[in-house]
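Me: Could you take a close look at one part of this structure for me? I'd like a connected walk through it, pockets and helices included.

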Amino acid sequence: MAGALRLVLGDQLSDNLSALADADLSRDQVLMVESRVEATAWKHHKQKLVLVWSAMRQFAERLRARGLNVRYVTLEDPGNTGSIGGELRRALEDGAFDRVIRTACGKWGLESHLLGLDLPVPVETREDDRFLCSRTQFAAWAEGRRELRMEFFYREMRRKTGLLMDGDQPAGGRWNFDAENRRKLPPGLRPPERLRIPPNPTTQAMLEQVSRGFDDHFGEVEGFGWPTNPDEATAILDHFIADMLPSFGDWQDAMSWRRPFLWHSLISPALNIGLLDPLDICRRAEAAWREGRAPLNAVEGFIRQIIGWREFVRGIYWLKMPEYGQRNALDAQGQLPGFYWTGQTDMACVADAVRAVRDHAYAHHIQRLMVTGNLAMLLGVHPDAVDDWYMVVFADAYEWVEMPNTRGMATFADGGIVGSKPYAASGAYIDRMSDYCKGCRYDVKKRLGDDACPFNALYWDFIDRHAQRLAGNGRMMMPLRTLEKMPDAEREAFRKQARALRVKMGVSE
């Protein structure tokens, strides 16, 4: 009897993947493909290519150890068509299969492509049940709501999972301890040493291959330390919970010169390809609180990122695509400055963030939102260019998580679907949450002049340019009132300096 061809993608490396459930060891075959098309649709960071392909190869070996027949198509395979669709057709030609079984993928374009393939056998698409809220469940939650706010979704997820709940009430009497998680690093405070994973033999071979074959892609491979199998990922998680989680809450929004990791977990690259289970992560963090090993504000903030924010943005993505990817509510038309790729800028905060992504394919959420994202929004960079940059530079970037964060939170291009206001800020915010400004060429206290922090003029010009659009937003009333009281000459000075900055940075002519 013919068996099933079971497709596994590079971000589906989970033992409990729905596509692998009920696999028949005697008849079925698992198909895994190193796709040049997917690798170059965006010129992904070299470290991301190494991460995904090394993890895929190790996952294939684990499946073989379980007795599964795996057809693994490497980049070097002379017959590799370069695309997932092409390899599906080739595998079906080479074997006797009566159907294809796959787990729904995380990228709208690829999902549409796979659903539209004309294959000689039927395709069974299964829910990706590694997420805690299905696409159908999220749509049901969203139906009839005037606004979709993560905080209310998060509360539902807490009730559903029972995480940090005391009966029907939130632990500690509050759903959210975010107000306690915005402390600036005091001088001299240093985080513990971070655990980085030395490359195993499979990873080392992939580092060499990517260095040779993808030298035109962004980033450096030296210093690669990401986990590429479940044991390595669990070691990173254990280290975070034991050594970093106790202080994570206090300093999760802080930024520091040449310290890209601070107390952050560094699990998102492994989590987003399936090497860790989100509910298990959260339960282990909760246990740390209940056993007195970590404070509630830290554990709540961490769990909120996973069952709240991560699940919420995925739900938004699938609810609103493909129209969501065309949104440009602020009519931003500018080019992305070249220093987003080179780091060659006198703005210390931006230079440090770009250095972090170049060297590690990583920056934490405040660097992403309030430095690189905030600057792109203030400059009026087109959201397509922002999307593309985030997809290229981060090891944990997949369109379902990246696009709602950039087009929603970072640039307000979605007009308020994800965030209730534009996350626009002047240099004062960066100064409050970091040590960048002390060593910067620009003076964060100055609003105008050649040595004034560029964020300042760009911020007030942004508020000025979009005052009419923002007039009905209650959370923007304070800056709008300040703008109204501002003398015309000062407003014009901000406009003039902002125009000059956009030209100087290559955003506009």
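Reply: H11 gives the most to the lining of the second largest pocket, contributing three residues. That pocket holds about 270 Å³ of space. It has 26 lining residues, and those closest to its centre are Ser 14, Arg 130, Leu 271, Gly 274 and Leu 276. Keep in mind that this is a predicted model.

The buried set in H8 is made up of Glu 232, Ala 233, Ile 236, Leu 237, His 239, Phe 240, Ile 241, Met 244, Leu 245, Phe 248, Gly 249 and Trp 251.

Now for the geometry of H8 itself. Helix H8 covers residues 230–251, and a straight helix of 22 residues would span 32 Å at 1.5 Å a residue. Between its end C-alpha atoms, though, H8 spans only 28 Å. Look along the helix and you'll find a kink of about 70° at Met 244, shortly before the proline Pro 246. Met 244 is also one of the buried residues of H8. Go to the other end, the N-terminal one, and there's a cap: Asn 229 places a side-chain oxygen 3.1 Å from the backbone nitrogen of Asp 231.

Searching the whole structure turns up three cavities of 30 Å³ or more. In the largest cavity there is about 460 Å³ of space. Its lining counts 26 residues, with Gly 10, Glu 38, His 44, Val 52 and Tyr 398 the closest to the centre. Three helices each supply at least two residues of that lining: helix H1 (36–41), helix H2 (46–65) and helix H16 (399–410). H2 has the largest share, with five residues.

One last stop, on a single side chain. Asp 461 sits in helix H18 (residues 454–465). Is Asp 461 buried or exposed? Its relative accessible area is 3%, so Asp 461 counts as buried, the cut-off being under 20%.

Terms used
Residues numbered from 1 in each chain as written. Predicted model: local features only at pLDDT ≥ 70, side-chain atom pairs only at ≥ 80, totals over all residues. Heavy atoms only, no water. Helix = DSSP H or I, 4+ residues; strand = E, 2+ residues; numbered from the N terminus. Expected span 1.5 Å × (residues − 1). Bend = angle between axes of the 7 residues up to and from the residue. Buried < 20%, exposed > 50% of the residue type's maximum accessible area, 1.4 Å probe, protein only. Polar contact = N/O pair within 3.5 Å; in protein donor to acceptor, adjacent residues only side chain to side chain. 1 Å grid on protein atoms, 1.4 Å probe; cavity = no way out; pocket = protein on both sides within 12 Å on 5 of 7 lines; lining within 4 Å. Points joined across faces, edges and corners; volume = space filled by probe spheres on them.
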